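Subject: Structure handover

Hello,

Here is the structure for you to look at. Please open it first, then read the notes below.

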Amino acid sequence: MTNPHFSPRRSLARLLAASLMAASMVSPLAAAEPAGELAAATTPGAAPSQGAAPSEGLTDAVKKASAEKPAGKIAGPGVSAAVEAAILKGMQQLMAANAGMKVEEIRTTPIDGLYEVRVGSNVVYADAGGRYVLADAQLLDVENRRNLTNERQMELSRIDFTKDLPLDKAIKQVHGKGERVLAIFEDPNCSYCRRMRQTLAGIDNLTIYTFTYPILAPSSLTKSQKAWCAKDPATAWNDMMTAGTEPDNAGDCKTPIQDVVALGRKLNVTGTPTLFFPDGNRVPGAISPEQLKQILDAQNGQAQPGGAAPKKG
């Protein structure tokens, strides 16, 4: 799904990164919906704001596009035929799932060994061997199909699931045996959260710890309070997220919501939904059922956290 808030240049970078992502589950960050819902700076108590699988070889469409411009015609002064061929090969591997993309020009840059590559009106950068591509601050390893930037970001944002998440301050839901585990920060006014909640409803053998994180609008806090003050917070929250049914109570009981807002700030949760997994990795944004199942399956062997059922008052 294309997000209207992303520029064409940003979209290009995400398309290239998504091609790597589809080939191997290296970085869940690249799999997430690009938006999530960001905290509004004007919201009281808000946290600070902030494809298809590639082919093994070239697709017929990319081969045809490549043939439209003879070798040597897109390279600027100072770009050798060998460098041009290497960069074209790497770019074609990245663009194989997106037949509409075509390299228009390759030029030198002030940095020795780094080349500017123009794809339509967008610019990315590549090394002389065509192995590494820098697109919108995302460093892609074409040969090994890795997003090096996302891998590093994941490393820096990793948490200790058991120590960093006070699970007794979350709304707990169990599907089946509940052997697989995740935690999710959600805002009741978040459309991406509602989509993610539909995905979670279809996953069996799963324990979900929901941290109610009202950062999008003043009504987010009211709705979160009412869910916690319901007789069954788990059912109330699920009904509100899936059917839009707001709990019928005053929302005046004691809740852990302010503690969760402070926790989200500490963990730099800047948008909803944000998911955390037992290995400590986070995924900001909604993901597909297939991507979620793949991540959960990769958690096998991870220590599964316990955690008391949420308490009211």
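Ser-224 is found in helix α8. Helices (H or I, at least four residues) and strands (E, at least two) are DSSP runs, numbered from the N terminus. Before going on, note that this is a predicted model: local features need pLDDT of at least 70, side-chain atom pairs count only at pLDDT 80 or more, and totals for chains, interfaces and linings use all residues. Residues are numbered from 1 along each chain as its sequence is written, and side-chain values use heavy atoms, with hydrogens and water left out.

Is Ser-224 buried or exposed? Ser-224 has 0% relative accessibility, so it counts as buried. Buried means under 20% relative accessible area, exposed means over 50%, and partly exposed lies in between (1.4 Å probe, protein chains only).

The side chain of Ser-224 reaches the backbone oxygen of Ser-220, at 2.8 Å. This is a polar contact: a pair of N or O atoms within 3.5 Å, where, within protein, one must be able to donate a hydrogen and the other to accept it, and residues adjacent in sequence count only if both atoms are side-chain atoms.

Which residues touch Ser-224, leaving aside its neighbours within four places in sequence? They are Pro-188, Thr-212, Pro-214, Trp-237 and Ile-257. Contact here means heavy atoms within 4.5 Å.

**The whole chain**

Now step back. The chain has 11 helices and 13 strands. There are 313 residues, and 47% of them are buried.

**The disulfide and other cysteines**

How many disulfides does a search of the whole structure find? It finds 1. A disulfide is a pair of cysteine sulfur atoms within 2.5 Å. Cys-229 is joined to Cys-253, with an S to S distance of 2.0 Å. The pair links distant parts of the chain, 24 residues apart. Cys-229 sits in the loop between α8 (218–228) and α9 (233–243). Cys-253 sits in the loop between α9 and α10 (257–266).

The torsion about the S-S bond of Cys-229 and Cys-253 is about -100 degrees, so the disulfide is left-handed. Cys-229 is buried, because its relative accessible area is 16%. Cys-253 has a value of 26%, so it is partly exposed. Look at Cys-190 too: its relative accessibility is 0%, so it is buried. Cys-193 is buried, also with a relative accessible area of 0%.

**The sheet**

Next, find the open sheet. It has 6 strands in the order β2-β3-β4-β5-β6-β7, and the pairing is antiparallel. Two strands pair if DSSP finds at least two bridges between them. The edge strands, β2 (103–108) and β7 (146–147), each pair on one side only.

Strand β3 (residues 114–119) is joined to β4 by 6 bridges. Val-117 stands opposite Val-124 in β4. The hairpin of β3 and β4 has 2 residues between the strands, and Gly-120 takes a positive phi near 65 degrees.

Strand β4 (residues 122–127) is joined to strand β5 (residues 132–135) by 2 bridges. Ala-126 stands opposite Val-133 in β5. This hairpin has 4 residues between its strands, and Gly-130 in the turn has a positive phi of about 70 degrees.

Where do the side chains of β4 point? They alternate. Asn-122, Val-124 and Ala-126 point to one face and are buried.

Asp-136 lies in the loop between β5 and β6 (138–141). Its relative accessibility is 31%, so Asp-136 counts as partly exposed. The C-alpha atoms of Asp-136 and Val-123 are separated by 8.6 Å, and the two residues are 13 apart along the chain.

**Helix α11**

Last, go to α11 (residues 289–298), where Leu-292, Ile-295 and Leu-296 are buried. Seen down the axis of α11, the buried residues fall within an arc of 100 degrees, so they line one face of the helix. The arc is that of the directions from the helix axis to the C-beta atoms. An α-helix has 3.6 residues a turn, so residues three or four places apart point the same way. The face of α11 turned away from the buried side carries the exposed residues Glu-290 and Ala-298.

Best wishes
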